[in-house]
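Good morning, colleagues. Please look at the sequence and the structure first.

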Amino acid sequence: MKHYKNLTELHKDNGFTQPQHPLFSIYRCDHVCTIGDREFTSDFYMIGLKKVISGHILYGRTKFDHESGLMLFFKPRQVIEMKNLEVDKDGFLIFIHQDYLNGHSLHNDIKGYHYFDYEVNEALHLSPSEEKTTWELYHKIETEYYNNQDEYSRELILANVDTMLKYSQRFYKRQFLNRTELSGKTVTRFNAEIDRYAASGLLGIKCLPSVHDMAARLNISAGYLTDVLKQESGKTALEHIHIYLISEAKHRLKVDDQSVSEIAYALGFENLSYFSRLFKKEVGISPNNFKKQALN
């Protein structure tokens, strides 16, 4: 598998003009927008805007279904494949080497944008006004990129990249609300999967389900799951797991003859003190006191 450590090699292999900067580059797609003909990884963050007519993009484990104009976000060392892509009208690609971010606030801030961990089928679908905003920011980046770069260029480029990422975060929140086929019933689906997980006896075998476990069962990425649940309910995926388990614990403490430790282990908690702390945090009293009150 090809791994790109520098932009010069990536540009050369794909017939792009040589980059203006060794650690940052942009590329305008004019109907054709393909990077390589096989799987590859890189040391770059990549941001793309395009509407794909034919060909395919493979990112992570999911193949993208070219339906409409969208944005894609790739992080370093992720496996990517783009083959025979034909795009409608115009698109762009932005390549940002990790080292280009050194010493800048975006070096840490970019890690907070969970959509760099989303699967391709969780791409950002832009409305016409959102696409207009994104292109305006791209053109500002493009102007700086080709304008005889000086000591101000990097700061101005990254300021506009940062703004683009902030807008993308906002646009994703709109998508969570509007694209009900993707997110509208996630809380219900999530709780149903926890029920199935518990009913199958996995709590006693595999212990507590992780956010990644639940995301895989729902066929979405962990980051997307957490962000959708947060948007829908104000609570993260982990908080929903805890709420479910504490609710189940309260029921069992009331009706079962088992001890607190037996119930904790049956619910997948390997550490009794962790269960007790979580229970007290959610309920307000210890599980032992809760069981005593239920008996009385």
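**Surface, core and aromatic rings**

The protein chain has an accessible surface of about 14,600 Å², and 48% of that surface belongs to carbon and sulfur atoms; such areas come from the Shrake-Rupley method with a 1.4 Å probe, and for residues only the protein chains shown count as cover. Please note that this is a predicted model, in which local features need pLDDT of at least 70 and side-chain atom pairs count only at pLDDT 80 or more, while totals for chains, interfaces and linings use all residues. Residues are numbered from 1 along each chain as its sequence is written, and side-chain values use heavy atoms, with hydrogens and water left out.

The protein chain contains 13 helices and nine strands. Helices (H or I, at least four residues) and strands (E, at least two) are DSSP runs, numbered from the N terminus. Of the 296 residues of the chain, 46% count as buried. Buried means under 20% relative accessible area, exposed over 50%, and partly exposed in between, with a 1.4 Å probe and protein chains only. Among contacts with a separation of 6 or more, 73% join residues 24 or more positions apart; contact means heavy atoms within 4.5 Å.

Let me turn to the interior. A nonpolar core is a set of buried Ala, Val, Leu, Ile, Met, Phe, Trp, Tyr and Cys residues joined through side-chain atoms within 4.5 Å. The largest one has 64 residues, of which Phe24, Ile47, Ile94, Leu165 and Leu225 touch the most other members. Helix H4 (residues 153-178) gives the most to this core, namely eight residues. Another core, of 15 residues, lies apart from it and includes Tyr4, Phe16, Leu72 and Ile80. Leaving aside residues up to four places away in sequence, Ile47 touches several others, including Met71, Phe92, Phe116, Val161 and Leu165.

Next, the aromatic rings. Rings of Phe, Tyr and Trp (its six-membered ring) pair if their centres lie within 6.5 Å; planes under 30 degrees apart count as stacked, over 60 as edge-to-face and the rest as tilted. By this rule the model has 21 aromatic pairs. Why is the pair of Tyr118 and Tyr224 edge-to-face? The ring centres of Tyr118 and Tyr224 are 4.8 Å apart and the planes stand at 80°, so the pair is edge-to-face. Tyr118 lies in the loop between helix H2 (106-109) and strand S9 (124-125), and Tyr224 in helix H9 (residues 222-233), so the pair ties together parts that are 106 residues apart in sequence. Tyr118 is buried at 3% relative accessible area, and Tyr224 is buried at 2%.

The rings of Tyr167 and Phe171 have centres 5.7 Å apart and planes at 35°, so this pair is tilted. Both residues lie in helix H4, four residues apart, about one turn of the helix. Tyr167 is partly exposed at 30% relative accessibility, whereas Phe171 is buried at 6%. One aromatic cluster includes Tyr45, Phe73, Tyr118 and Tyr224.

Finally, two backbone details. Asn148 is not a glycine, yet has a positive phi of about 45°; Asn148 sits in the loop between helix H3 (128-145) and H4 and is exposed at 68% relative accessible area. Asn219, also not a glycine, has a positive phi of about 60°. Asn219 is found in the loop between helix H8 (211-218) and H9 and is exposed at 52%.
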